[in-house]
Amino acid sequence: MKGNVIKYEQDNIDTDVILPGTYLKIHDYAELATHAMEGLDPNFHSKVKEGDFIVAGRNFGCGSSREHAPIALAHSGIKAVLALSFARIFYRNAVDGAFLLPIEIDEDTLKDVSEGDELEINIDNNEIKNLTKNKKYPMKPFSELIGKIIAAGGLFKFNP
Amino acid sequence: MNITEKILARASNKERVEPDDVIFANVDSAMVHDVSGPGVIKVFEKLQKQGISVEKLWDPSKVWVAEDHFVPSAEKVSAENIVKLSNFTKNYGIAKHFKYGLGQYGICHTLSHEEAMVLPGQVYVAGDSHTNTTGALGAFACGLGHTDMAYVLLHGKIWFKVPETLYFRLNGKLPDHVMAKDFILKIIGDIGTDGAAYKAMQFGGSGIDEMSVDERLTLTNMTTEAGAKNGIIEPDKKIAKYLAERGKTNYTPLRGDSDAQFEKTFEYEASEMEPIVAKPYSPENISVVRDMPTTELDKAYIGSCTGAKLNDLKAVAKILKGRTVKIRTEILPAAISIYKKALEDGLIKIFLDAGVVVGPPTCGACCGAHMGVLAKDEVCVSTTNRNFPGRMGHVESKTYLASPLVAAASAVTGKLTDPRDLK
């Protein structure tokens with residue numbers, strides 16, 4: 001999986017900025033995508049491309065349980081969010097709904113990756129390559145259950 | 001095992017569970033509302049296209065529905081969502097649907113306890129992050145997204161990783177000017193908005209024993225803001241009485257074993273607690289009210305599942321009685337049953353005499369939906385639960401989270417005020 005980085009270095013990027021509450025009444029995925037990250041970066045919708053990755057700090061997706069948040073990102077083209085850590089409901093929504101991959105990275109990776117870098121993510125060997133900077137970074141392996149749900153393509157396709 | 005582990009062991013038909021065990025827990029009660037319900041309907045539509053059957057729910061008698069976020073409908077999309085939700089209830093034969101403006105209605109988390117929709121020892125999941133609230137009754141109560149709720153509605157179970165538990169002991173009774181909201185803001189300030197991420201937060205000690213059920217609900221409600229999977233309090237006589245008053249006596253409560261394990265125990269002395277606010281833009285960004293520089297306000301908002309229970313309204317009335325507000329103040333009781341009790345107890349007259357507007361139950365402006373959202377640069381003191389950028393309206397509005405006592409005292413002076421400093 002290859003894509004380019006959109007970077008927000010801060011911690012606690014919450015669901016209220018990923019998809020503001022006023023849009024919770026909307027359930028059309030394409031329309032939700034037009035409001036993704038509106039509370040933090042009004043330019044997100046114009047700059048995001050199919051296959052991009054978001055790179056961010058600690059506790060990404062904290063706040064509400066709205067599945068609108070991973071939906072809006074995924075339908076904007078985001079294939080993975082790489083963050084120091086994730087809030088629990090965002091994490092399970094992303095995985096169980098098969099919207100995008102939540103990948104935990106370390107502090108050094110967060111510092112090293114720049115906006116626009118091209119990354120290649122390989123979840124089979126837990127490796128992230130920075131093709132722009134010709135570097136490799138580690139990713140935290142998924143737990144056994146999460147790995148199986150991702151491999152199955154979401155919770156409904158997973159056979160416990 | 002502690003209470004969370006015991007409930008999850010029982011729900012997964014295991015003798016014993018340990019933190020980090022992955023289990024599928026059988027669900028006793030499941031709820032969706034006018035945001036997560038249409039979200040689940042959308043998931044059902046997707047599943048149907050994939051050839052997965054969505055013909056029947058696992059057990060419609062264990063499912064209930066509330067209308068709370070976008071009611072009363074301000075525009076047609078919200079109105080259509082309510083129609084969609086009503087059809088869903090009808091088509092699947094769902095047992096209980098709290099319709100807005102028909103009998104009992106209000107915010108889902110408030111209904112969960114007011115109507116005793118969840119009982120001690122049960123596993124309760126719902127499509128809303130503040131589902132944690134109901135853990136004050138001694139249940140495992142946890143918020144989920146739309147896909148997970150769709151899975152629960154069709155299969156009656158869902159996966160969990162058994163959480164580590166953080167134990168918060170409150171020694172002694174909180175002083176009269178301090179509320180549960182101050183205590184939980186203090187905790188979130190200490191551990192941070194991810195301080196309990198993926199973990200259980202359990203509360204106990206003499207200070208919790210002394211607390212009313214409404215106040216305990218404020219604690220568990222706000223565990224969401226520390227990232228917790230669930231908040232929980234072992235059920236006692238007060239809970240039994242509360243549920244009996246609501247006609248529920250037949251349940252099997254669980255309590256932790258005497259050798260229950262906790263990842264960490266935090267001790268707090270009630271006598272040292274003070275009125276606290278969380279400043280913009282995070283619930284962890286706390287300050288003692290008296291340490292704040294003069295902070296002028298545009299508005300006070302007293303509402304939500306966190307801060308508009310009957311006990312919260314009584315605290316506000318104690319301050320507003322015989323006084324008038326200096327800034328726009330909105331009070332929205334969290335359920336119509338609470339509104340009615342507030343009317344019978346004379347609280348509504350006190351509010352109206354003070355010059356505030358009393359609105360209908362709704363999540364309303366707490367989540368920036370409608371009915372009182374904030375404009376750019378507006379500054380609000382609020383009894384709600386979150387103050388991230390844009391949470392209550394414009395991304396450059398500012399919300400100070402506070403107890404009902406602090407919010408009411410601040411409404412009277414027009415600036416952030418410790419209730420003790422009110423003349």
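In chain B, helix α6(B) passes helix α8(B) in a right-handed crossing, the near helix being turned clockwise from the far one by less than a right angle. The model is a predicted one, in which local features need pLDDT of at least 70, side-chain atom pairs count only at pLDDT 80 or more, and totals for chains, interfaces and linings use all residues. Residues are numbered from 1 along each chain as its sequence is written, while chains are lettered from A and ligands numbered from 1 in the order in which they are written.

Helix α6 of chain B spans residues 180-191 and helix α8 of chain B residues 213-222; their axes come within 8 Å and cross at roughly 25°. Axes are lines fitted to C-alpha atoms, for helices over the stretch in contact, and angles run from 0 to 180 degrees between N-to-C directions. α6(B) and α8(B) are therefore roughly parallel to each other (angles under 35 degrees). On the α6(B) side, the contact is made by A180(B), K181(B), F183(B), I184(B) and I188(B), and on the α8(B) side by E215(B), R216(B), T218(B), L219(B) and M222(B); two residues are in contact if their C-beta atoms, placed from the backbone, lie within 7 Å. Helices are DSSP runs of H or I with at least four residues, and strands are runs of E with at least two, numbered from the N terminus.

Helix α11 of chain B (residues 310-320) is largely enclosed by the rest of the structure, because nine of its 11 residues are buried (20 or more other C-beta atoms within 10 Å of the residue's own, with C-beta atoms placed from the backbone). Among them are L313(B), V316(B) and I319(B). G322(B), which follows α11(B), has a positive phi, near 75°.

In helix α13 of chain B (residues 347-354), the buried residues are L347(B), I348(B), I350(B), F351(B) and A354(B). They cover an arc of only 160° around the axis, and therefore lie on the same side of α13(B); the arc is that of the directions from the helix axis to the C-beta atoms. Their cover includes α11, β15 (328-331), α12 (336-344) and β16 (357-358) of chain B. α13(B) is followed by G355(B), with a positive phi near 100°.

In chain A, seven strands form an open sheet of mixed pairing, in the order β4-β3-β2-β1-β5-β6-β7. Its edge strands, each pairing on one side only, are β4 (101-104) and β7 (135-138) of chain A; strands pair if DSSP finds at least two bridges between them. The twist averages 30° from one strand to the next. Strand β3 of chain A (residues 80-83) runs parallel to β4(A) and is joined to it by four bridges. L82(A) stands opposite I103(A) in β4(A).

Methods: A residue is buried if 20 or more other C-beta atoms lie within 10 Å of its own, exposed if 12 or fewer, and partly exposed in between; C-beta atoms are placed from the backbone. Angles under 35 degrees count as roughly parallel, over 145 as roughly antiparallel, 65 to 115 as roughly perpendicular and the rest as oblique.
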